Amino acid sequence: PGWSLTPGFNQSYHLGLPKYDFGKLLLAEALLERCLKENHAKIKDSIPLLEKNEPKMSEAKNYLSSILNHGRLSPQYMCEAMLILGKLHYVEGSYRDAISMYARAGIDDMSMENKPLYQMRLLSEAFVIKGLSLERLPNSIASRFRLTEREEEVITCFERASWIAQVFLQELEKTTNNSTSRHLKGFHPVDYELTYFLEAALQSAYVKNLKKGNIVKGMRELREVLRTVETKATQNFKVMAAKHLAGVLLHSLSEECYWSPLSHPLPEFMGKEDNSLATQALRKPHLYEGDNLYCPKDNIEEALLLLLISESMATRDVVLSRVPEQEEERTVSLQNAAAIYDLLSITLGRRGQYIMLSECLERAMKFAFGEFHLWYQVALSMVACGKSAYAVSLLRECVKLRPSDPTVPLMAAKVCIGSLHWLEEAERFAMMVISLGEEAGEFLPKGYLALGLTYSLQATDATLKSKQDELHRKALQTLERAQQLAPGDPQVILYVSLQLALVRQISSAMEQLQEALKVCRDDAHALHLLALLFSAQKHHQHALDVVNMAITEHPENFNLMFTKVKLEQVLKGPEEALVTCRQMLRLWQTLYSFSQLGGLEKDGSLGEGLTMKKQSGMHLTLPDAHDADSGSRRASSIAASRLEEAMSELTVPSSVLKQGPMQLWTTLEQIWLQAAELFMEQQHLKEAGFCIQEAAGLFPTSHSVLYMRGRLAEVKGSLEEAKQLYKEALTVNPDGVCIMHSLGLMLSRLGHKSLAQKVLRDAVERQSTCHEAWQGLGEVLQAQGQNEAAVDCFLTALELEASSPVLPFSIIPREL
């Protein structure tokens, strides 16, 4: 209504004359509404307006009192005057007077049939104000029964207010659209602005029920509100209602207690609450109806549906303008959108739907300038769905937005160390945390841990022994510093132990590891390292016992099972080890079948990525995804793996791959190649060839496959073919130490002694702890007549073999 026009229009009336009492009524309502608009913040905070400070309100009160005293208007307009005066009493804090005025007006018995629109608005406001007034009455002398009765009356008032407000807004929009379409084609009606009391009428019923713990009635109110035919005036309100219902579904209702919008609640819920609905006699608003309507099957699904609808509306309405005049509007709209995205993160996270979540959050970036929380949420969603490089770029921006927060560079370092292997970047991020000093608080040890792991991985990547030794020393010093800062942290102790093991300080590593195992007895990495340390001390039976125990706790850990195969090969021979290989194939088949189902929830109602549910529990850290020789993640082997993946996709039918994560397929390749090695040891060359063929069917250009084919050719006596295959494998993975070792010995057998010596020297320079390479170099030097140098190589090989585990220590993943 154009309240600002009415006072000026009515000033010309001689207000003392009876025929102008109707003018007084109009003027009083206009003055009150203008007063409410000017004091919106106080009304929202329930701060009473003082008559002496508000001349408009005082003037309105005088007019209304005069009308009621004269009693000259018709009963309809007298009733309107009482409703307006009741609102005025509430605003000035006279709650009892407001209730008395509404009782005098008889609002409980009023009908909405054939009422003009403005009277429907007044009635809706009257009911909500009556409810609010009842809530604010002092209750010190009231009996418990009376208080309960009052609570029920409050809820009844709010429910009536809600229904009437919705009918009013629907009828208003219908009327407005009809009139404008008749008179002014192409004219768009001005949006109706909800008053504070109309907003309160729409939402007070469900808010009150939920506060009281009436989940059934609160959810029913919310669902009914959301199913009503929408009007322009209720769009923003519906976004808030949908967000509220999603919060209730996620926070207050388990999947076992859920009931769909078209079904009834569980009997135990019905028994606890009074489910009588006071508004059944009232005219109801129009609902969306139709055949084959979609109905959610569980609380997560309903919450997700609500939030996706809310998100589309909230992002559309966010204020993008950064002019100072719109700062408050922009802040409020941004807070609303951020709250919806937080709920979406919870909902989609519970179902592992990280790709969908990242797509939703990316849409928020258009208004996320300078908003750390939204940037960080997007970054975390990218980490979760495997878009690591993009995640690091986002985290870099987050660091700029909040440079004093140590968790952000730590997360970036974690991603760089793990999936990306960007060690220089990881070092920079770790140094950011350390540079914060005491400001980093409890995260300072984690900063040193990240830096220590980075140095350790750089040492594994280094090609010169001097560089390797320097980096190993820096890694150990940094990790020990982390241990000083957090002496009881089992993760730090584990990696100190691993670092000592990598430089072959076996006894010291064992002492440290025992401290870690006191805190985390069943940690897979700690138990695995313990088994490798036992094997380095040649206590193979102890090592096998530890691995078996660890597999009992972590039955899907292929890394442990590969170590078990090696230990059984040493202790019991290839036959026993092949039994474990068969078990691994059966386990792989089980996990693959699960991944084909997508790890769906009970009814598969939300389509997930193929591996989201199970992938995190598989621990598929191989002896270097493709590197069967050393097991260490090096930059060159990572590049080789990516090259192989690209080339294999050109040669393998798309139906074979493309389904499930690449780790699952590289694991299968390693199982086949491990079985081939065991068959070759038994001289079962046909079976070995079959296993290699199976692996080649997955990755034809894999350096591991080429290397194993070379070994098979060598066992068959085809030396030239074996040499060529070893060269091809070395081309794909130039840092493969075992490939260099086999190629060097093959060249020696073919008479190329000098070239063999060069290849083997490259191998020991690349990995100075490989006793097989030292042994091979000694044999070549001896054949060349360099006996003294050969003796040194043999002694080195003997010393290294005494502390060599069955698989390299570097198969233990180094990650934050």
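Buried means under 20% relative accessible area, exposed means over 50%, and partly exposed lies in between (1.4 Å probe, protein chains only). Helices (H or I, at least four residues) and strands (E, at least two) are DSSP runs, numbered from the N terminus.

The model is predicted: local features need pLDDT of at least 70, side-chain atom pairs count only at pLDDT 80 or more, and totals for chains, interfaces and linings use all residues. Residues are numbered from 1 along each chain as its sequence is written, and side-chain values use heavy atoms, with hydrogens and water left out.

**View 1. Helix 18 is mostly covered.** Of its 14 residues, 10 are buried. Among them are V408, P409, L410, M411 and A412. A413, V415, C416, I417 and L420 are also buried. The expected span of a helix is 1.5 Å times one less than its number of residues. Helix 18 covers residues 407-420 and should span 20 Å; its end C-alpha atoms are 19 Å apart, which agrees.

View 2. Most residues other than glycine have a negative phi. H421 sits in the loop between helix 18 and helix 19 (423-435). Its relative accessibility is 10%, so H421 counts as buried. R504 has a positive phi near 65°. Its loop runs between helix 22 (490-502) and helix 23 (506-519). R504 counts as buried because its relative accessibility is 19%.

View 3. A salt bridge is a side-chain nitrogen of Lys or Arg within 4 Å of a carboxyl oxygen of Asp or Glu. The structure holds 31 of these salt bridges. In one, K56 pairs with E38, and the closest N and O atoms are 3.1 Å apart. K56 lies in helix 4 (residues 55-70) and E38 in helix 2 (residues 21-38), so the pair ties together parts 18 residues apart in sequence. K56 counts as partly exposed, at 24% relative accessibility. K61 forms a salt bridge with E92, with the closest N and O atoms 3.2 Å apart. This pair links distant parts of the chain: K61 is in helix 4, and E92 is in the loop between helix 5 (75-91) and helix 6 (95-105), 31 residues away. Both K61 and E92 are buried.

**View 4. K130 and D108 form a salt bridge.** Their closest N and O atoms are 3.2 Å apart. K130 lies in helix 7 (residues 117-136) and D108 in the loop between helix 6 and helix 7, so the pair ties together parts 22 residues apart in sequence. K130 counts as buried, at 7% relative accessibility. D108 is partly exposed, with a relative accessible area of 40%. Elsewhere, salt bridges that share partners join E29, E33, K87, R121 and E125 into one network.

**View 5. Helix 2 is mostly covered.** Here 13 of its 18 residues are buried. From first C-alpha to last, helix 2 reaches 26 Å, close to the 26 Å expected at 1.5 Å a residue.

**View 6. Aromatic rings pair up.** Rings of Phe, Tyr and Trp (its six-membered ring) pair if their centres lie within 6.5 Å; planes under 30 degrees apart count as stacked, over 60 as edge-to-face and the rest as tilted. The whole structure has 10 aromatic pairs. W588 and Y592 have ring centres 5.1 Å apart and planes at 5°, so they are stacked. Both lie in helix 27 (residues 574-597), four residues apart, about one turn of the helix. Both W588 and Y592 are buried. The rings of W672 and F690 have centres 6.0 Å apart and planes at 90°, so this pair is edge-to-face. W672 belongs to helix 29 (residues 662-681) and F690 to helix 30 (residues 685-698), so the pair ties together parts 18 residues apart in sequence. W672 is buried, with a relative accessible area of 16%. F690 is partly exposed, at 47%. Ring pairs also link Y90, Y95, Y196 and F197 into a cluster.
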